[in-house]
Amino acid sequence: MIDSVDIAQENPDASQPWAELGLKQDEYESIKQILGRRPTSSELAMYSVMWSEHCSYKSSKVHLRQFGEKAPKTDILLVGIGENAGVVDIGAGWAVTFKVESHNHPSYVEPYQGAATGVGGIVRDIISMGARPIAVMDPLRFGPADAPDTRRVLPGVVAGIGGYGNCLGLPNIGGELVFDESYAGNPLVNALCVGSMKHEDIHLASAKGVGNLVVLYGARTGGDGIGGVSVLASETFDADGPAKRPSVQVGDPFMEKLLIEATLEVLHAGLVEGIQDLGGAGISCATSELASNGEGGMHVYLDRVLLRDASLSPEEILMSESQERMCAVVTPEKIDDFMALCKKWDVEAVVIGEVTDTGRLVIEWHGEIIVDVPPRSVAHDGPVYERPFHRPSWQDALQADTPTAQRLARPSTPEELKQTLLDLISSPNLASKSWVTSQYDRYVMGNTILAQPEDAGMIRVDEESGLGVAISTDCNSRFAKLDPYAGAQLALVESYRNISVAGAKPLAVTNCLNFGSPEDPEVMWQFSQATTGLADGCRELGIPVTGGNVSFYNQTGDIAINPTPVVGVLGVIDDVDRRTPMAWEDDGDLIYILGDTFDEFAGSEWAHLRGHLGGLPPKVNFAQERLLSEIMVAASRDGMITAAHDVSDGGVGVAITEMALRANTGARFWIPDNIDPFVFLFAESTARAIAVIARTEELRFTEMCAARGLSATRFGVVDSGLGIDSGYPGEQVIVIDSLFTFTVGELREAHEATLPALFGG
Amino acid sequence: MDARIGVVTFPGSLDDADAARAIRIAGATPVALWHGDADLHNVDAVVLPGGFSYGDYLRCGAIAKFAPVMSLIIEKAQVGLPVLGICNGFQILCESHLLPGALTRNDHQHFICRDQKLRIESTETLWTRDFSPGQEIVIPLKNGEGGYVASEVTLDELFAENRVVATYLGGNPNGSYRDIAGISNKAGNVVGLMPHPEHAVEALTGPTTDGIPFFTSVLKSLVGAS
Amino acid sequence: MARVVVNVALKPEILDPQGRAVQGALGRLGLTGVSDVRQGKQFIIDLDGALEGERAEVMQKLAGELLSNPVIEDFTLTVEN
């Protein structure tokens, strides 16, 4: 006996499982108020998924508003926050859309499918804007590298990302791999996708035109992930394991590939009025969002949905998170052409409803009305919480515990400094990520200009003109724990700097905010600080947030993860031929350090290896970052610079090692005057980069830096012939002043051995 | 008149656009061929590109071999049409029995993407004439099912008849028997290659431009024929 | 009604890395004395009517050409009527 609207009106006091579905009492009461009666079980299912934290952003909305309120004035934003993804004008009639999202909890439960479907979801967000996806990136965070649980989760996640992304034909051009105690039990799997299109291709998720048809196309609907959204994203894992283990979504990348091609063809053929992908909350989300963005009404015949499993109830169909499905709004005149294109690609499609002007979303099941709601109440006007927050009691003590030389013994002898560099470049966080990245296709589509281990990923968008985009994602969660406001800004400036160092001008920002439980006032304080820091930082740098994602409840019991506001910056480069790679080449080229180094070790990789976390993170200097960025972009454009690298984790010592390994060529360095070697080599001050300049360009470059007020200190020279004099004939060698020497070979061995030793050859 | 080289798109093909670009760079005109269309549109040669045709369902390349366009390609290949199968294309050629042997899962079980050193063993085929014998090149390799296997008898025959087109250098990346990276049929017009020459045609995007000669080689044979 | 079950496995001389990985896992999880593991595929095909005559020949042929790759795989075919 189906629980229809009529029955709900007749049985107002029937007891309903709102708590099991993840709703709170006051939310349930609020639904009854909105409808003027109790909800049907189908309506209850819809509200429970759409009002979950993951879908409604109820705890984060009040803080995320700042991204809009403080947005810097800019004319490059074609579509702003609120749509599936932001769209940015990159010139010459081209636009780019990009976004990063999380799939954290599913990846802990089922690593391969959790990560795979995370890629699938973000790719569908991008195509629903009308763009062809052109690249993916994956910021990944796990517990300690040698923990058994990490061994269980990491290989599956990497295989899932590769398995799905490679099959879609999307080059994986970057990401992050971070190991930290804080993520034990709560790995973070964030997925980013970039897409390109011409301005005229932009499409929005709205259902306009009364009488237009609503088409569901793609994979059939089954029992995947039912309750996943409301249950997984709104519950933490308790110490004994996940409290609930609902069916996890299973992805089919081949179907998604067909979906991409079919969708792009129908979009380019002008057959679509509005389009939406089905992600968290499936049909509930797609129909309510399309309806509330359009004329305001929709009539759906749920029994027309093509099913994989005929035993599904209407509630389950509405909540299903089966992958690889999209929803389009098509005029009656164009529906035949639309269907024909779907058939060409072997993609099933069915008309499930039509647009109305009633202001209601009405869903029928075999002639009975089972849903009759105002769509805005489901999709947009969900509960908004002002969660209480307060600064943690331990914050002051943590910030006071600066790793001074007295507090934490520092290496000083040449042997100790040498060992420190070796320890850093072989540590799991800084070691070569090849074990992971060689499982991803970086070449497909033939437009990859830069990929890991370069500072940013860079993709050529227009083969004729060389117009391209660069993207980077970054976050140092230790900095964010020490000071969430500064930590978010530090993530922003690092990403901004990475883009600039590659020669691209930063344009826009996306973010994936991974935090613990919003019901914990200390976590909520971290969240409010981080969002404020990020919004303020974007205003300083003049680049807007175009969209992003919030993932709450990343905690086990009472222990939340470090606040992890991952920031992605996208930049544009007029001609990818001008990009700046990180490897030096020619003997005699001079190596400069740009920017200033201070005694700043709080939250550093060095301190992390010593088991210390305390103090205030490195100072942010927006004026310096803007200056450095302008100089790096100008130098790249004018051909002044041969190679460059951002200085961040592990400081200058690690940066020059990474450059030497990439170049497979030696160099000689000297420590600048008036600075302690340990500080120079390993401090993590901001707004610094290493630039390699040909002798013929040196004067032009140094004059530009002097004129603009950027410190530029020569501290090295490329030299492939150092082997003989340093006792390693035939080898490439790095000489650090009179302190120590390494062969590139031994650095490579230490750098490349770590991950294979941990996760299998 | 430029030579016309067809590139087949199956559902799930991924490197078709890249193959088309390589053909253009080599100086020929790429022609898009649809799997469901039993018509080769008078092309002078055909490339079966890389990807995951039909999602690699059943076996890699197993379903593609039944596509309408394939029956025509098999027919023409048997009378001299030059055909280059790259990666998934190589798998399809083996499943179609235009080439002997089969491709299996990489022995280490992972998908691997790397810049692979190869030695060109045979410059007699229509697709490798522009190389010099023994030439060492670097082109990208990216696959999960790249292990070439065949019976000892077949392997001996391939080497004896100079039909091993390329071998892996600097370590075997996937468990292929006798380090075989590519082979040809007896007539030398059909070549299967695991690595991807179409990703090494531009200095900007590839590790080298060592892939170009695969595409220029076939043009020479077409000019010669006409 | 006939049910045809076709089991496909790699020929013994072909390296089966998946089978080997499973063998390792079985050992690690406490099953001693595993001498070999081969991983294969099973196709379960339900047909109207009995499988006989020419139709049985077609089934046999397809098992050997479509469902398995004779270069590297063997198959067995059983029928339940």
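How many other C-beta atoms lie within 10 Å of Tyr57(A), and is Tyr57(A) buried, exposed or partly exposed? I looked it up: Tyr57(A) is partly exposed, with 18 other C-beta atoms within 10 Å. The cut-offs I used: buried means 20 or more other C-beta atoms within 10 Å of a residue's own, exposed means 12 or fewer, partly exposed lies in between, and C-beta atoms are placed from the backbone.

**Ground rules.** I am reading a predicted model, where local features need pLDDT of at least 70, side-chain atom pairs count only at pLDDT 80 or more, and totals for chains, interfaces and linings use all residues. Residues are numbered from 1 along each chain as its sequence is written, with chains lettered from A and ligands numbered from 1 in the order in which they are written.

Most residues other than glycine have a negative phi, and most peptide bonds are trans. I went looking for exceptions. Tyr57(A) is not a glycine, yet its phi is positive, about 60 degrees. I found Tyr57(A) in the loop between helix H4 (53-56) and helix H5 (61-69). Helices (H or I, at least four residues) and strands (E, at least two) are DSSP runs, numbered from the N terminus. Met445(A) also has a positive phi, near 80 degrees. Met445(A) sits in the loop between helix H17 (434-437) and E14 of chain A. I noted Met445(A) as buried, with 22 other C-beta atoms within 10 Å. The peptide bond between Gln452(A) and Pro453(A) is cis, with omega about 10 degrees. Pro453(A) belongs to the loop between strand E14 (448-450) and strand E15 (457-460).

**Helix H23(A).** I checked its span. H23 (residues 651-663) has 13 residues and reaches 19 Å from first C-alpha to last, close to the 18 Å expected at 1.5 Å a residue. The expected span is 1.5 Å times one less than the number of residues. Twelve of the 13 residues are buried, so H23(A) is largely enclosed by the rest of the structure. Among the buried ones I listed Glu658(A), Met659(A) and Leu661(A). Asn664(A) follows H23(A) with a positive phi near 55 degrees.

**Sheet in chain A.** I traced an open sheet of seven strands, order E8-E10-E7-E11-E9-E12-E13, with mixed pairing. Two strands pair if DSSP finds at least two bridges between them. Its edge strands are E8 (274-277) and E13 (368-373), each pairing on one side only. Strands E7 (residues 213-218) and E10 (residues 325-330) of chain A are antiparallel over six bridges. There, Gly218(A) has Arg325(A) as its bridge partner.

**Strand E11(B).** Which strand runs parallel to E11(B), joined by four bridges? I found E4 (residues 83-86) of chain B. Val83(B) bridges to Val190(B) in E11(B). E10 (residues 180-184) of chain B pairs with E11(B) in the antiparallel sense over three bridges. Here Ser184(B) bridges to Val191(B). The E10(B)-E11(B) hairpin has five residues between the strands, and its Gly188(B) takes a positive phi near 80 degrees. Val190(B) and Gly192(B) point one way from E11(B), Val191(B) and Leu193(B) the other way, and all are buried.

**Chain contacts.** I counted contacts last; two residues are in contact if their C-beta atoms, placed from the backbone, lie within 7 Å. Of the two pairs of chains in contact, A and B share the most contacts. Eight residues of chain C contact eleven residues of chain B. No contact joins chain A and chain C, whose closest C-alpha atoms lie 12 Å apart.
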